[in-house]
Amino acid sequence: MTSPPITDPDSTVKLPLLYRAIGFIERIGNLLPHPFWLFWIMAVLLGVVSWVLSVTGVSVTLPESGDVVEVKNLLSTDGLKYAIDSALDNFASFPPLAVVLVVLLGVSVAEKSGVLESLIRLTIIRLPKRWVTFAIAFSGMIAHIMGDAAYLVMIPLGAMAFRAAGRSPVLGVMVAYASVSAGFNASPLVTPSDAIRSSLASAAAQTVDPNASITPVATYFFSATSSLVLAVIITLVVELVLAKREDFVVPDTVAENTGSAGDEPSDTAEDDADSMSLDRGQVKGLIRAGAAGVAFIATLVVILLLPDSPFIEPGQSLVESTVLKNIAIFISLFFTLIGVVYGYSTRAFTTVKAVPEAMTAGVVNLAPVIVLFFAVAQFLAYFEWTGIGSVLTVNGADLLQRLDAPHIIVLVVIVLGVAFINMIVTSGSAMWAIFAPILVPMMMYYGVRPEAAMVSFMIGDSVTNAVTPMSAYFVLALGFVQRYRKDAGIGTLMAFTVPISVAILIGWSLFFALWYLLGIPLGPGVVLR
């Protein structure tokens, strides 16, 4: 799905240079192939580069072990034999594959039961109407547990919530879209994206330290706190600046427009409020699911604190426990539990087969990612086999050592670089698959925790989501805006998302810098210094 060409931006917005830049990015991005083919093209280029470097005898000495790594030719007989012999193992042992599938099984049950959407609705309706912007912004952070489905849930909810509060539904659509997109990697919940990133980062870190292990909760403290910070930033920018625009005054013709997702007309604020509210059964289901979730967590804590806990081997710390090392399983069990309790309580699930059916639906939705994973797994295996990754990381770390740049400055530069590339390559998992094998080891050689490098990527990979025309969800949001303003164009949406993206880029980067300088742990056991 591609966005329409930028030919007639909103006449009220005087940003000609910006629109030319966005148009250029769109044209460049449209030239890129699907990520699946992009990785195979990169594999071919890798083969050519490996041939040149092997002929010239390029090698590097690893700082940790002192081993000499020589670049091997992927296009040689040995290289082609390796590519064929290892293809199945590369895919089967691809780190994110099992972790993401396991986490998604549980999340799918919770999503299909309706507990996640009910939780989001509860967050919105429990706060006073004057807090509607913050409620939508923070709910968008919670919705990240749904992955890309968060856009489909939050955008219509944003419109309904703002109409119920007597405010412009256009503003609600924009707030919801900006919250989900620009803050995509911040959430008070552990998301499937955390599982993908941590698995790739862990595999990359093990090229330097074979014992390295990065779990899906490695950056949880920072991510959960960031969700509150970003919700506040979005609220301040919207309420102090953007909401004051005249075109966000509630139009007289709002009753002529459709409601949540074009299903049923919603003519009044009362209708929108009713459609967002929870019935008695849903409230009871949330209470039961919440109690079950608390009991599950409490049980794990008690078991971990036992003197001879079966989850902690003698001499191990809590961070090395079975729970944290296999946190993906427990995350999946948690979401399965609350989904099952809520589903049977509200009658969303009526038979025992509803649970595996919900899991199946979630795996089906993951099919495009699994296809992409096959290509990514082969490319990363070739990259490691050739030794080019070691050459890049060691020489890159040497360059940083010579520059003697402060760690936090390097991390902020990574944020800016990723943010720019994200305007063109919008797939976060695909981009991290490219960056992680180089960025993580290089920063480790430079004395920076791999989790810190991952946070820099998370920020850069989020902030420009709201402004890139390469995102299909940009067009989706524009379509919802046009339900209420027929004359709205890309300029209308851009004039709203650009200020928010810039504010989040600055605010989130400064927040990370402060967090890093204070040395606050990013997650359980992840001490920065």
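Mentor: Let's begin with a term: helices here are DSSP runs of H or I with at least four residues, strands are runs of E with at least two, and both are numbered from the N terminus. What you see above is a predicted model, where local features need pLDDT of at least 70, side-chain atom pairs count only at pLDDT 80 or more, and totals for chains, interfaces and linings use all residues. Residues are numbered from 1 along each chain as its sequence is written, and side-chain values use heavy atoms, with hydrogens and water left out.

Trainee: Thanks! Is V153 buried or exposed?

Mentor: Find helix 8, residues 149–164, and you will see V153 in it. The cut-offs for relative accessible area are under 20% for buried, over 50% for exposed, and partly exposed in between, using a 1.4 Å probe and protein chains only. The value for V153 is 14%, so V153 counts as buried.

Trainee: Which residues does V153 touch, leaving aside its neighbours within four places in sequence?

Mentor: Start with a C-alpha distance: V153 and I120 are 33 residues apart in sequence, but 9.3 Å apart in space. Setting aside the neighbours within four places, the contacts of V153 are E117 and M146.

Trainee: Let's move to S181. Which residues does S181 touch, not counting those up to four places away in sequence?

Mentor: Look in helix 9, where S181 is found. Its relative accessibility is 0%, so S181 counts as buried. Beyond the residues up to four places away, S181 touches Y151, S462, N465 and A466.

Trainee: At what angle do the axes of helix 7 and helix 9 cross?

Mentor: Two packed helices are described by the angle between their axes and the distance between the axes. Each axis is a line fitted to C-alpha atoms, for helices over the stretch in contact, and angles run from 0 to 180 degrees between N-to-C directions. For helix 7 (residues 132–142) and helix 9 (residues 169–182), the axes come within 8 Å, and they cross at roughly 35°.

Trainee: And which residues of helix 9 take part where helix 7 meets it?

Mentor: Follow the contact from the helix 7 side, which brings T133, I136, A137, G140 and M141. Facing them in helix 9 are V175, A176, S179 and V180.

Trainee: What phi does R347 have?

Mentor: Most residues other than glycine have a negative phi. R347 sits in the loop between helix 15 and helix 16 (354–365), and its relative accessible area of 57% makes it exposed. Although R347 is not a glycine, its phi is positive, at about 70°.

Trainee: Where is D404?

Mentor: D404 is also not a glycine, and its phi is positive at about 55°. With a relative accessible area of 61%, D404 is exposed. Its place is the loop between helix 18 (388–403) and helix 19.

Trainee: One more: how far apart in space are L416 and D461, C-alpha to C-alpha?

Mentor: L416 belongs to helix 19, residues 407–421. Its relative accessibility is 46%, so L416 counts as partly exposed. L416 and D461 are separated by 45 residues in sequence, while their C-alpha distance in space is 9.5 Å.

Notes:
Contact means heavy atoms within 4.5 Å.
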